[in-house]
Amino acid sequence: MTKLTKKEYILKAAKLYGLTNYEIEALEKHLDGVMPNEFIERRNKRLFQMYEIYQSKEYNDRMDTDENGIINLDDYSFIVSKRRLLNSKIGEFWVISSNLDSYLATRPHSPYIKEKFYNISEKNNFLLPQIAKQMSLPTTTYYKGKYLTNNEEKDKIAFFTKNFIRAGETLIEGSTIYKRKRDTKRVSFESLLESADKYVKKYYKKHKLPLDDLEEKREEIRRGLIKQTMFNKIVCNDNESNEKWGLVTEEDSSKIRLAPLFSFDYCCGVPTNTKSYHRVIQRRKEDIESFVFEYGKEEWFRDWLKENVLTLDVDKAIKNMKEETGVCLTQEEEEYYKFTFDRTLPRVRDAFNQIQNRNDSPRGFLERRNNQTGRDEER
């Protein structure tokens, strides 16, 4: 593999570190000799040191888990950035390795979780992304990591993910997009969808993006939010607050997309010590069946349930988790998760079967014909 030049390496590292375009432009002029500035080099000393490591025998091709499924940062050359947290909104810091991979470090569990739930909350972050992948949902993949600080002898534990947002992207939290009108534990999902749709339309207008793409993007984000909500119901997510979802924007191209799933702490029976927020439809309904009945009116949703939800394989998810992250479950933990999904998945299946029976009945045929007639008359 061809190595990067000094300029290429340092400018790429600067973007991963979270420098602004103005700072990167000044750094580029310094490297080109157009406008040399010793202050710029001193200020970005760590980037130049990383390039020296990149050129040396200490260079790490990639960070990887050890035999215990742990990324030990002390085995690698890296720098830490908190500046990039301004774009990610979540996490403790970013790690940039000497091969210019970047990982977001997050806490192993929320501070609002009781100690007796720590273990299952931590395991949620490794297993549930595998469930999400089977449901064809974009999701973060977490790895367990540890590191020593200068002032402590005991290793600190963190979770690392490299597929949350990329350099140059920014997370717009759901709380910025949709503001609840009053202090309530219920999150109106209909209002959430409407607010997200308005935000996307305004974003396209502001950045003068092709209107030909707008309808496709609106539908892509709408469907993604519906799928994420269905996932939340299946994994019994006790915190569907507006801080737990968002849209990702890209600085250079002005692209916008739905953020991948990134919050799993409060799932599978882990309660929050603070308020628990739940997405509801028709003002109060938050149960699985109601969501299946509501969006099961749409063919794409029924197809998705049939192909990606009713086929969920928990054993496969556990196996994939171990292969990808190195994390294993005890026999007791496996039984716990299987018990959880044995309670939720049959409810999805029963509701889906009711929809299918209704659609296959003579009454269902008449309803479909009347709906089609109505649409024809509107045209």
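Which residues lie nearest the centre of the largest pocket? I opened the notebook with that, working on a predicted model.

**Pocket.** I found Ile90, Ser110, Lys244, Ser263 and Asp265 nearest the centre of the largest pocket. Its lining comprises 26 residues. I then looked up the volume: the largest pocket holds about 590 Å³ of space. Next I sorted the lining by class. The largest pocket has 9 nonpolar, 9 polar and 8 charged lining residues.

**Cavity.** How many cavities of 30 Å³ or more are there? I get 1. For the largest cavity I noted about 120 Å³ of space. I listed 14 residues in its lining, and Asn232, Asn237, Lys244, Leu261 and Ser263 come closest to the centre of this cavity. By class, the cavity lining splits into 6 nonpolar, 5 polar and 3 charged residues.

**Helix pair.** I turned to helix H6, residues 118-134, and helix H12, residues 314-325. At what angle do H6 and H12 pack? I read about 115 degrees, with the axes 9 Å apart. The H6 and H12 crossing is right-handed. On the H6 side I wrote down Phe126, Leu127, Gln130, Ile131, Lys133 and Gln134 as contact residues. On the H12 side I have Lys316, Ala317, Ile318, Asn320, Met321, Glu324 and Thr325. I classed the residues of this H6 and H12 contact as 6 nonpolar, 4 polar and 3 charged.

Technical notes: Residues numbered from 1 in each chain as written. Predicted model: local features only at pLDDT ≥ 70, side-chain atom pairs only at ≥ 80, totals over all residues. Heavy atoms only, no water. 1 Å grid on protein atoms, 1.4 Å probe; cavity = no way out; pocket = protein on both sides within 12 Å on 5 of 7 lines; lining within 4 Å. Points joined across faces, edges and corners; volume = space filled by probe spheres on them. Nonpolar A, V, L, I, M, F, W, Y, C, P; charged D, E, K, R; others polar. Axes fitted to C-alpha atoms, helices over the stretch in contact; angles between N-to-C directions. Helix = DSSP H or I, 4+ residues; strand = E, 2+ residues; numbered from the N terminus. Left-handed = near helix turned anticlockwise from the far one by under 90°. Contact = heavy atoms within 4.5 Å.
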